[in-house]
Amino acid sequence: PPTPAPGRAAGLSRRAPGMARQGSGAMLPSAGLGFPPQNLARVVVWEWLNEHGRWRPYSAAVCHHIENVLKEDARGSVVLGQVDVQLAPYVIDLQSMHQFRQDTGTMRPVRRNFYDPSSAPGKGIVWEWENDNNSWTPYDMDICITIQNAYEKQHPWLDLSSLGFCYLIYFSSMSQMNRQTQRKRRLRRRMDLAYPLTMGSIPKSQSWPVGASTGTPCSCPQCLLVNSTRAASNAILASQRRKLYPGAVRQSSTFAGGALWPPAAGAGGAAKAEALRVPGAGFAPGQSVPGAALPGLNNLNRPGTQRGAGLGARAAVPPGVPALPVKNLNGTGPVHPALAGMTGILMCAAGLPVCLTRAPKPILHPPPVSKSDIKPVPGVNGICRKTKKKQLKKSKTPEDVVRRYIQKVKNPPDEDCTICMERLVTSSGYEGVLSPRGIKPELVGKLGKCGHMYHLLCLLAMYNNGNKDGSLQCPTCKAIYGEKTGTQPPGKMEFHLIPHSLPGYTDSKTIRIVYDIPTGIQGPEHPNPGKKFTARGFPRHCYLPDNEKGRKVLKLLIVAWDRRLIFTIGTSNTTGESDTVVWNEIHHKTEFGSNLTGHGYPDPNYLDNVLAELLAQGVSEATLKD
């Protein structure tokens, strides 16, 4: 479910967390996210990962439903539409810890996260902000907890910059203000169902990106960022603590027997930084507090955020990871961006001066190119593709499409149909909802290529809930039957060669792709037919290296464009705007000369990753031979 959240910015409070006076505004991140002792209850919150690397919480009702299913079958599937009709297309596979959207095939990682019972989710308190559509959007769970903590302490305001957001919260007017633009939005505190409680040992939350089952670490930029941050920050924190409190810390990277960051669950997983409880958080400067962790370390290793602060020691940064220049009294040194905010907090708490510098700006576009230097891409026909309004296929009824790809099963096994969660030997859960001719609710079919079995009525309901393009996608293995098409609005795709090289591909020229989609009126296949949609940020420029694999990716992107799979109409997770053109699960590189946003170069795995994303949409090399 595409729930947006406030945008990020490179802000940092100058006051250290935990140092706000009574009655003053709060600048501290929540201390309620740390794992409580094993013999206490904790609140369970299920979360899904959006395309910006942000974990978004499901509602309390949905989490209760997932927990109930988990108790029955820890390796089963959860149909979210059974508890929330707005989530009807979504199914969670507990074995792979992924959410699957049945009508589009989109997959997103999910995780089971834990919070203190006294925090906001344990009390059923939800904080929300008003988006541009005049509807309410819940904050991320850690931000919600932070706001609630400040509210309970009767702070008049709250600075969220230490969590990576350039927003101020004013409780008197119940508003949120962007510190850069001065724009204000309303916010509200709402009582809802409390999230479920659990007891016993805490299983490791599965985090994204998930590496291969062989244990090979994931090498994507997000994981490189987080893993290198974790190693460097452990060493720096130990060094800082030895200087501040001589003799209080052993020569190790743990405090009070607990690691500063829990180990990642899954190869290369991005584990969440949890705040450690501090028994004597109010100690005076100079006192030695053996075994006590420094406060304010929660959630400061978010990938992609740019924060600035001072640091005396230099951190080892692996090649390809962007560095942030940070100045202090001893000079200037490259500091990993995710360490900057944490280091500034530590230095402020120790009374050390901090001098901030601006974060480096991404290089989005190449140098100017004359028309005479722009050339066609070798081996690719043409330089432009256009799409028009979708022509609906009227030759096949939904019943004909379902029958085309299945074989009837006379004696089905006593297993669950993973669409309706009823047994295959009983009638479909959609009995009474759909009454098509010739399809009885007890009929079971087997998909031809993969062999997975479902009620025919369930497959028909899934097809009717999708794009109705004559294709079908298996909800279990995601195998695509037929030619999958999307809901991309009309527009133009241009592609050509420019005489500049991308970082990491110095021996190659660059393929530039320009997408241009104008505003228009939504069609019958879109969320709100007849309503106007917006198209922000067009034309959008994207880049590929001009080598054999880059040209292959271009050819497949052209196929995806013709099938209307590159964009769709939905809600922007960046701005919160609804009824607007958004990317559709095929990642593009929009940053030409740097990789500060994660959407640029160098990224040695990008071409392989985008080939896999195209394959998941049914666009493979075999389509080039047809």
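The charged end of Lys 449 lies over the ring of Tyr 481, at 4.8 Å from its centre. A charge sits over a ring if NZ of Lys or CZ of Arg is within 6 Å of the ring centre and within 35 degrees of the ring normal. This is a predicted model, in which local features need pLDDT of at least 70 and side-chain atom pairs count only at pLDDT 80 or more, while totals for chains, interfaces and linings use all residues. Residues are numbered from 1 along each chain as its sequence is written, and side-chain values use heavy atoms, with hydrogens and water left out.

**Rings**

- Lys 478 also has its charged end over a ring, that of Phe 100, 4.3 Å from the centre.
- Twelve aromatic pairs turn up in a search of the whole structure. Rings of Phe, Tyr and Trp (its six-membered ring) pair if their centres lie within 6.5 Å; planes under 30 degrees apart count as stacked, over 60 as edge-to-face and the rest as tilted.
- Tyr 543 and Phe 592 make an edge-to-face pair, with 5.2 Å from centre to centre and 70 degrees between the planes. Tyr 543 belongs to strand E28 (residues 540-545) and Phe 592 to the loop between strand E30 (580-583) and helix H9 (606-616), so the pair ties together parts that are 49 residues apart in sequence.
- Helices (H or I, at least four residues) and strands (E, at least two) are DSSP runs, numbered from the N terminus.
- Tyr 543 is buried at a relative accessible area of 1%, and Phe 592 is buried at 6%. Buried means under 20% relative accessible area, exposed over 50%, and partly exposed in between (1.4 Å probe, protein chains only).
- Tyr 515, Phe 538, Trp 561, Phe 567 and Trp 583 are linked into a cluster by ring pairs.

- Helix H1 (residues 60-72) has 13 residues and reaches 19 Å from its first C-alpha to its last, close to the 18 Å expected at 1.5 Å a residue. The expected span of a helix is 1.5 Å times one less than its number of residues.
- The buried residues of H1 are Ala 60, Val 62, Cys 63, His 65, Ile 66, Glu 67 and Val 69. Their cover includes strand E1 (42-49), strand E3 (77-79), strand E4 (90-93) and strand E6 (107-115). Contact means heavy atoms within 4.5 Å.
- An α-helix has 3.6 residues a turn, so residues three or four places apart point the same way.
- Helix H8 (residues 548-562) has 15 residues, which should span 21 Å at 1.5 Å a residue; the end C-alpha atoms are 22 Å apart, which agrees.
- In H8, the buried residues include Gly 550, Val 553, Leu 554 and Trp 561.
- Arg 564 follows H8 and has a positive phi, near 65 degrees.

- Six strands form an open sheet in the order E8-E7-E12-E11-E10-E9, with antiparallel pairing. Two strands pair if DSSP finds at least two bridges between them.
- Strand E8 (136-138) and strand E9 (157-159) are at the edges with a single partner strand each, so one side of each is left without a neighbour in the sheet. The twist averages 30 degrees from one strand to the next.
- E9 pairs with strand E10 (residues 167-170) in the antiparallel sense over three bridges, and Asp 159 stands opposite Leu 168 in E10.
- Helix H3 (residues 141-152) lies across strand E7 (125-130), E9, E10 and strand E12 (184-191), at about 105 degrees to E7. Axes are lines fitted to C-alpha atoms, for helices over the stretch in contact, and angles run from 0 to 180 degrees between N-to-C directions.

**Met 174**

- Met 174 is in the loop between E10 and strand E11 (175-178), and is partly exposed at 23% relative accessibility.
- Leaving aside neighbours within four places in sequence, Met 174 has contacts that include Trp 127, Arg 185 and Leu 187. Met 174 and Arg 185 are eleven residues apart in sequence and 8.7 Å apart in space, C-alpha to C-alpha.

- Most residues other than glycine have a negative phi, and most peptide bonds are trans.
- The peptide bond from Phe 538 to Pro 539 is cis, with omega near 0 degrees; the bond from Tyr 601 to Pro 602 is cis, with omega near 5 degrees.
- Gln 182, in the loop between E11 and E12, is not a glycine but has a positive phi of about 65 degrees.
- Asp 579 has a positive phi near 55 degrees and is buried at a relative accessible area of 8%.
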